[in-house]
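Reader: Pick one part of this model and take me through it closely. Then set it in its surroundings, please.

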Amino acid sequence: MKNHLTIAALGAAVIVAPVTAGAETLLYGAILKTPANPHWNAMTQGIEDAAEELGVEAVVSTVANEGAAEQQLNNCETMLLREPDALIVGAINSNILLPCLKRASDQGIAIVDLDYNLDRTIAEDAGVTVTFTAGNDGESTGAVGADFVAEQLVDDLSGPVLVLEGLPGNPVGAARGKGFRDRMAEIAPDIGMTTLNGDWDRGKSANITNDTLQRNPDLKAVFAANDTMALGATEALLAAGLDNVIVVGVDGTSDAIQSIKSGRLTATVGQFPYLVGKRSVELLTEKFQDHTELDSYQSTGQSVITQSILEDGSDEMIQYLR
Amino acid sequence: MTDANPAAPMRAQGLAAFMREKSALRLESLIVLALLVAVMSYASPYFLTLANIFNIVLATSTIGILAIGATFVIGSAGIDLSVGSIMAFAGVVGAMVAAHLGLPWWLAVPACLAAGAFAGWINGLIVAYGGVPAFVVTLGMMGVARGVALLITDGQAVYGLPEALIWLGQGRPFGIPVPAIGFIVTAIILHFVLTHTRFGRHTLVIGDNEHGAMAMGVPVRSLRIKIYALSGLTAGLAGLFTMARVNAGDPTAGMNFELAAITASIIGGTHLFGGRATILGTVIGALIMGVLQNGLNLLAIPSFWQQISIGIVLVAAVWLDQLAKRGVE
């Protein structure tokens with residue numbers, strides 16, 4: 001990992017996983033986001049591990065930062081020159097890669113969408129055929145978070161609850177927030193909820209939490225669309241002397257896990273990006289080698305991780321934490 | 001925008017008069033802040049409470065400390081685009097010292113400051129002796145400092161700091177958050193440095209007229225190195241408080257904070273092309289941004305509006321300044 005990061009930190013990187021000899025080795029090209037985000041590192045690991053296990057070849061390309069959309073398009077064009085059997089795509093936005101993916105579709109290359117980053121309607125209008133989407137859709141993730149929060153607050157479902165979404169306009173953060181609010185409103189129609197954008201940033205989320213406490217000193221719970229924001233909120237609450245507010249994040253990053261272990265963050269809805277990468281390669285290989293018909297949406301599983309689950313290991317999913 | 005021959009009044013009236021003119025507080029920013037406070041107090045009953053005022057100063061402290069450093073740089077007719085990245089780099093270095101290396105926690109403090117000042121010193125060295133424009137040098141450092149922060153942490157936040165270090169970010173002696181105290185103390189010290197030391201006066205002199213300053217015998221190069229090192233040092237301090245506050249050295253912290261710091265300084269009346277700057281003005285500029293964010297959060301207004309309103313205030317503040325100047329003439 002360290003090596004990959006070294007290269008990637010200096011710009012775009014193309015990494016070749018161990019190659020299995022043989023003329024008919026399947027080749028998968030992964031077009032991912034930035035290794036500066038641990039989520040994509042875990043994804044890369046999953047892809048590479050599965051490729052090695054199954055004897056297929058995986059080439060992973062990454063970009064310098066979350067906004068490097070054009071660089072990602074260039075990576076995609078370059079990847080096509082290798083004539084891969086499939087592209088595994090974590091698109092920076094739903095539009096930028098479409099010209100490249102259209103060419104891939106025309107050449108009969110299978111396309112896997114990671115984490116619902118492609119908008120299916122837009123993609124199909126552009127003539128792109130997505131073989132399957134792997135990961136968890138944001139609204140279901142938000143709903144899982146809402147179920148957990150409701151369980152914790154069962155004695156008093158009046159709120160108030162703070163919902164932190166990501167950067168304004170980011171569909172993943174918005175979908176997670178919406179999923180949370182919709183399910184929460186189903187369970188407790190009268191619960192008070194406020195939604196603000198934490199911009200995926202720790203410090204900003206800490207500020208918002210402080211501001212919200214001015215208005216709602218009786219804050220009961222915070223649901224954040226990722227762990228970074230949840231951790232910012234947690235530290236702000238602890239600094240304000242409040243250790244009984246439920247805080248739930250999304251992802252399962254290593255710092256979130258450490259925080260949960262030490263009793264600070266309440267829980268996270270684990271997304272197991274390692275498993276998303278691994279399952280993508282496994283499913284693709286089934287499709288090519290066994291000619292299996294695949295469902296268009298492949299849920300790779302998510303589960304709420306709490307201190308007690310980490311202590312007693314009662315959820316086997318935690319083995320996929322990275 | 002400046003006088004036709006900026007060096008002329010300096011020679012005629014001497015340095016003291018120059019300083020009176022160039023470091024006078026512009027009232028426009030104070031009026032904008034007062035208006036905002038009035039509007040927010042009317043709109044939200046939670047706004048004008050002592051707890052919320054501390055809260056605003058705490059939320060403003062990171063951008064405010066960065067903006068104070070930026071005020072020296074911009075006042076000297078320079079620019080520093082690297083402070084957001086340096087802040088993340090310094091925070092990561094400090095967190096690693098405290099959490100991974102098993103060293104005493106307090107070493108994180110000099111580690112953050114030294115890491116920041118070192119990066120700033122490199123900026124200054126290349127600007128002063130390399131003849132490379134500051135925009136380019138600090139744009140490069142923005143990438144390098146961020147990249148190094150990601151590299152040494154493997155892209156993962158350094159989590160789990162010692163309690164004593166966390167206190168620097170989360171502690172509240174007498175109810176006042178420590179970073180807010182740090183912000184105020186930094187502002188007071190650097191206000192005196194800017195107005196009452198040779199270093200401070202020369203900073204504005206070279207910002208006003210570099211050639212004139214050279215002719216006067218001002219050591220322009222060594223001064224520039226010190227100015228950028230100071231900007232790095234304040235970025236290191238901001239990195240220290242942020243890291244302690246969120247209990248993690250986050251290599252992705254401080255994204256775009258350099259622009260927020262420049263915005264705060266300009267709203268506060270710092271002349272974008274140098275020669276005029278006040279620390280009090282910058283503090284007010286940072287508070288305007290903090291009050292806007294806090295008020296809109298209290299009213300639960302989406303952050304699209306925060307971006308729009310800060311953009312409008314930035315342009316309006318500079319425009320008001322121009323109008324006032326024309327009125328005087």
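This is a predicted model: local features need pLDDT of at least 70, side-chain atom pairs count only at pLDDT 80 or more; totals for chains, interfaces and linings use all residues.

Author: Start with α12(B) and α13(B), whose crossing is right-handed. Residues are numbered from 1 along each chain as its sequence is written, chains are lettered from A and ligands numbered from 1 in the order in which they are written.

The axes of α12(B) and α13(B) come within 6 Å and cross at roughly 120 degrees. Axes are lines fitted to C-alpha atoms, for helices over the stretch in contact, and angles run from 0 to 180 degrees between N-to-C directions. The pair α12(B) and α13(B) is therefore oblique. Under 35 degrees would count as roughly parallel, over 145 as roughly antiparallel and 65 to 115 as roughly perpendicular; the rest is oblique. Helices here are DSSP runs (H or I, at least four residues), as are strands (E, at least two), numbered from the N terminus.

Which residues of α12(B) meet α13(B)? They are Ala260(B), Thr263(B), Ala264(B), Ser265(B) and Ile267(B). Facing them in α13(B) are Thr282(B), Gly285(B), Ala286(B), Ile288(B) and Met289(B). Contact means C-beta atoms, placed from the backbone, within 7 Å. By class, six of these residues are nonpolar, four polar and none charged. Ala, Val, Leu, Ile, Met, Phe, Trp, Tyr, Cys and Pro count as nonpolar, Asp, Glu, Lys and Arg as charged, and the others, Gly among them, as polar.

Helix α12 of chain B (residues 257-267) also packs on α4(B) (residues 83-99), with axes that come within 6 Å and cross at roughly 125 degrees. So α4(B) is oblique to α12(B). Val83(B), Gly84(B) and Met87(B) of α4(B) make the contact with Phe257(B), Glu258(B) and Ala261(B) of α12(B). Four of these residues are nonpolar, one is polar and one is charged.

Now compare another helix pair in chain B. Helix α5(B) (residues 108-130) and helix α6(B) (residues 134-153) pack at about 150 degrees, with axes 9 Å apart. These two are therefore roughly antiparallel. The crossing of α5(B) and α6(B) is right-handed. Ala119(B), Ile122(B), Asn123(B), Ile126(B) and Val127(B) of α5(B) meet Ala134(B), Val137(B), Thr138(B), Met141(B) and Ala145(B) of α6(B). That contact has eight nonpolar, two polar and no charged residues.

In all, 35 residues of chain B are in contact with 34 residues of chain A. Elements of chain B that give two or more residues to this side include α6 and α13 (279-298). Helix α3(B) gives the most, with six residues. The side of chain B that touches chain A has 16 nonpolar, 16 polar and three charged residues.

Last, a glance at chain A. Strand β2(A) (residues 27-31) is mostly covered, with four of its five residues buried. Buried means 20 or more other C-beta atoms within 10 Å of a residue's own, against 12 or fewer for exposed and in between for partly exposed; C-beta atoms are placed from the backbone. Five bridges join β2(A) to β3(A) (residues 57-62), and the two run parallel. Tyr28(A) stands opposite Ala58(A) in β3(A).

Terms used. A crossing is left-handed if the near helix is turned anticlockwise from the far one by less than a right angle, and right-handed if clockwise. Two residues are in contact if their C-beta atoms, placed from the backbone, lie within 7 Å. Two strands pair if DSSP finds at least two bridges between them.
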